[in-house]
Amino acid sequence: MTTTAPAPIVAGHPLLGSMIDLLNDPLAAYLRARRDHGDVVRFRAGPPGLRSDVYAVFSAEGAQQVLATRAANFRKDNVFYEELRQSVGNGLLTSQDDAYLRQRRLVQPLFTRRRVNGYAQQVAEEAVALAAGWREVPGGTVELVGEMHRFALHVVGRILFGTDVGKAFEVIERTLPPLQEYSLKRGFSPIKAPRTWPTPANRRATRLQAELYALCDGIIDNRRDRHDRDDLVTLLVHAENAEDGSLDADELREQVLIFLLAGHETTATALAFALHLLARHPEEQRRVRDEVDRVLGGPGGRAPTAEDMEALPYLTMVLKEAMRLYPSAPVIGRRSVADAEVDGVRIPAGADLLVSPWVTQRHPGYWPDPDRFDPTRFTPEAEAGRPRYAWFPFGGGPRACIGQHLSMLESVLGLAVLLREFEFEDAEAGEVPVGAGITLMAKGPARARIAPRG
Ligand code: HEM
């Protein structure tokens, strides 16, 4: 259909193409590929005969076409989504077509701004509890990534399960990380045993999955005859409309698992890197703390509410800048249905492709001095001057993140409490290196010294 140019092939090893680079450090390989070959490129990976191609789209215009304007042609049919489906089922993140539309219609009303604002109290309580725990930390040093993981898991757990969350944490913390690791490993390996074969890895994954499923099913069953609770599982169990009826038992479990999976690591990464960056930039930390103190009062002040969000614009800018430099979903994958054109380049039918917040959000065409931490990039005027998809940590188009407002609420209110109660000083030698997992992963600890205020 097109008369457009073919994508330039990224130069790699004569025999293996880009395979080693993509396995060792894909995020660095993507940045280099954009710099050396342009905004739409083609990676070839693997020895002849087993070679696979992946197209990568780095411009804001290209990302917009893939995710939004031409979304119907770019589906979630790639290996990573397939592996996720096998691990956590066909919930809102992974499903497609009619099954997806039905789920989204049933779930969307639970994520309106008003509903989500109703979770502010749980967020504030968890943040205050975390701060109280930190006051007891010997030596006053915390590892931000681990701490923020626990915080975000507690928040999403409480929102989903309400007061039943205590027992759930133990199971989730033991089963979810190894299941994610297993899916990721399978997604990256060109040759793998079918999941049904009784290899040790498959058997362990099956056992962990069964345990996690049983936990969710138990909590869901417990909510069937209950109308006196307002946790998200109860709302999901009772969600219905004339056209779609209600979610069945499998669909309910799938949504719960997807919210656990999509809703905790992502927000934890944003929070951890926001604090890591502030610990490394004392001037910015002072500025943002002044704002927090004005709104909430100093240390020991009142708990934040959803209404405070608007009064904390600089903190929101800091968070957006942290998510620019450290997007929790560094790449978003798709597969093309038919021959298409993206940003003037030909993408054949059946091609695997990815767009990358990691690269586009460091693209010097949109972000002068892209590696510098500078929250003023997110003043309303500066935002209005950039293409819509120069910053897209939450994806975009019809499959954009349903948890965006929840995550922003959780991060802004959580950070407000922590910054009000502590001063942060970096305890690492430099910026923490990162790599790509299912989400962006710190490759080492991100320690900070915390000094209680007041
Ligand atoms: C910093 C925090 C977060 C980031 C960066 C993030 C990022 C994303 C991205 C990039 C997508 C699109 C994936 C694609 O197009 O292939 C997505 C979808 C999704 N996210 Fe998030 N997310 C975050 C927080 C959350 C939270 C807190 C929840 C729920 C509690 C959540 C639930 C979902 C769901 C259900 C989808 C699928 C939506 C659909 O296809 O209709 N996310 N997220």
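Helices (H or I, at least four residues) and strands (E, at least two) are DSSP runs, numbered from the N terminus. By that count, helix 12 gives the most to the shell around the ligand, with 6 residues. This is a predicted model: local features need pLDDT of at least 70, side-chain atom pairs count only at pLDDT 80 or more, and totals for chains, interfaces and linings use all residues. Residues are numbered from 1 along each chain as its sequence is written, and side-chain values use heavy atoms, with hydrogens and water left out.

**Iron**
- Cys401 (SG) is the single protein donor to the iron atom of the ligand, 2.3 Å away.
- Donors here are N, O and S atoms within 2.8 Å of the metal (3.2 Å for Na, K and Ca); water is not among the atoms, so sites may look incomplete.
- Cys401 sits in the loop between helix 16 (380–384) and helix 17.

**Ligand shell**
- The ligand is surrounded by 27 residues, each with a heavy atom within 4 Å of it.
- Tyr81, Tyr100, Arg104, Arg334 and Cys401 are the closest.
- Helix 5 (97–107), helix 12, strand 7 (332–336) and helix 17 each supply at least two shell residues.

**Polar contacts (pairs of N or O atoms within 3.5 Å)**
- A polar side-chain atom of Arg399 lies 2.7 Å from a ligand oxygen atom.
- Leu92 places a backbone N or O atom 3.4 Å from an oxygen atom of the ligand.
- For Ala262, a backbone N or O atom lies 3.4 Å from a ligand nitrogen atom.

**Helix 13**
- Helix 13 covers residues 282–296.
- Gly297 follows helix 13 and has a positive phi, near 80 degrees.

Notes:
The expected span of a helix is 1.5 Å times one less than its number of residues. A polar contact is a pair of N or O atoms within 3.5 Å; within protein, one must be able to donate a hydrogen and the other to accept it, and residues adjacent in sequence count only if both atoms are side-chain atoms.
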